[in-house]
Amino acid sequence: MREKVLIVEDMEINREILVNILEDEYAILQAKDGIEALEVIDREQDDIVAILLDLVMPNKDGFEVMQELKDRGLMKKIPVLVISASNQPSTEAKCLEFGVADFIGKPFDSSIVKKRVRNVAYYYVYKNDLEERVEEQTSKLRKQNKMLKEQADKLREVNESIIDMLGAVVEYRSLESGQHIQRVKGYTRILGTYVMHEYPEYNLTESELDVIVAASALHDVGKVAIPDCILLKPGRLTDEEFKEMKEHTTRGCKILENIKELWEGHYGKASYDICRYHHERYDGRGYPDGIAGEDIPISAQLVAIADVYDALTNDRCYKKAFEPDEACDMIVRGDCGKFSAKILDAFEKTREDFESLLVESRKRA
């Protein structure tokens, strides 16, 4: 059965244009206003892979439709592409608050419409499939964990499998290289090993560092809850978009809280601390809580530098990679926020090891 796209537009000529553009690839459903659209969605939601939604319509406008979809939890499951001739920032900001996947401007460009619909439909179908697999796996692990509480070695394997699974979801969601998480783990171990030996006041042990390294894979798990149009945007984020992007820290914590009964306390705490606090900075100018100094858990301090270094030294959708020496200098100068003097000392002493790991990673890519 062909995938279905719902076109919600009060002007028949616009619906006809969109039908002509998309009917070769999709089965087309149509609605001339918001009330009719919701009736179609009630019947067909399991088969709809994208909704093209006009904002200005009689009976129920596009914003009212989005509110209903949000209340039903469907905005996260079915991508909504807003059809609008308006380029007002306030309109786009309001749409982004609802979690729209993309925008299609009027008049329509057939190639752009096809690509945008194809892209969001593909990624949402893929994301939903991954989320279903995660849910299935989480359900299985919940049952298994009751039988494995007394088996320490097996429990550790289960904990790390959860972390790897969720980490893989983040990689697929954000389109980052599969090496990203492995590099962050490696940098965290390099830095943590030095701190463990040279700064005993942090009371790090080998086993605690192992937990921190494993949990570092979940530093960005909250990005699965950030809209594609923000997460994958190739240019600079607006203030509103950056505000939403920053919420990946707290959204990630909510995901982890929902599965906290699945794993042993040390893994859960380390994962939570890293997820929430890896964007905090030593002078209190980070987010989400603005905590400062040694109030920031050592696990998050280690992963923060590992993550920043990896972000600087690799291409991202919004920038090209910096050379390792330049990236190190930027971190030490405070261009990426202020870090602890002790952690910066450890970073400077181990920067050659960081670069070696980066070089090896590029050879394997």
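## Asparagines with positive phi

N203 counts as exposed, at 55% relative accessibility. This assignment, like the others in this report, comes from a predicted model. N203 is found in the loop between α7 (179-198) and α8 (206-215). Although N203 is not a glycine, its phi is positive, at about 60 degrees.

N59 also has a positive phi, of about 70 degrees, and is not a glycine. Its place is in the loop between β3 (48-54) and α3 (62-71). N59 is exposed, with a relative accessible area of 58%. As background to these two sites, most residues other than glycine have a negative phi, and most peptide bonds are trans.

## Cis peptide bonds

The peptide bond from K106 to P107 is cis, with omega near -5 degrees. P107 has its place in the loop between β5 (102-105) and α5 (110-148).

A cis peptide bond is also found from Y287 to P288, where omega is near 15 degrees. P288 lies in the loop between α12 (265-277) and α13.

Strand β1 (residues 4-8) pairs with strand β2 (residues 27-31) in the parallel sense, over five bridges. Within this pairing, L6 stands opposite L29 in β2. Between the two strands the chain passes through helix α1 (residues 12-22), and this β-α-β crossover is right-handed.

Helix α4 (residues 89-98) has T91, C95, L96 and F98 as buried residues. Seen down the axis of α4, these buried residues fall within an arc of 150 degrees, so they line one face of the helix.

The face of α4 turned away from the buried side carries P89, S90 and E97, which are exposed.

The structure holds three cavities of 30 Å³ or more. The largest cavity has a volume of about 60 Å³. Its lining is formed by E280, R281, Y282, I296, A300, Q301, A304, K338, F339, S340 and I343.

By class, the lining residues of the largest cavity divide into six nonpolar, two polar and three charged. Helix α13 (residues 298-312) gives the most to this lining, with three residues.

Technical notes. Residues are numbered from 1 along each chain as its sequence is written. This is a predicted model: local features need pLDDT of at least 70, side-chain atom pairs count only at pLDDT 80 or more; totals for chains, interfaces and linings use all residues. Side-chain values use heavy atoms; hydrogens and water are left out. On a 1 Å grid over the protein atoms alone, a cavity is a set of points where a 1.4 Å probe fits but cannot get out, and a pocket is an open set with protein on both sides within 12 Å along at least five of seven lines; lining residues have an atom within 4 Å of a point. Grid points are joined across faces, edges and corners, and a volume is the space filled by probe spheres set on the points. Helices (H or I, at least four residues) and strands (E, at least two) are DSSP runs, numbered from the N terminus. Ala, Val, Leu, Ile, Met, Phe, Trp, Tyr, Cys and Pro count as nonpolar, Asp, Glu, Lys and Arg as charged, and the others, Gly among them, as polar. Two strands pair if DSSP finds at least two bridges between them. A crossover is right-handed if, with the strands pointing away from the viewer, the path from the first strand over the helix to the second runs clockwise. Buried means under 20% relative accessible area, exposed over 50%, partly exposed in between (1.4 Å probe, protein chains only). The arc is that of the directions from the helix axis to the C-beta atoms.
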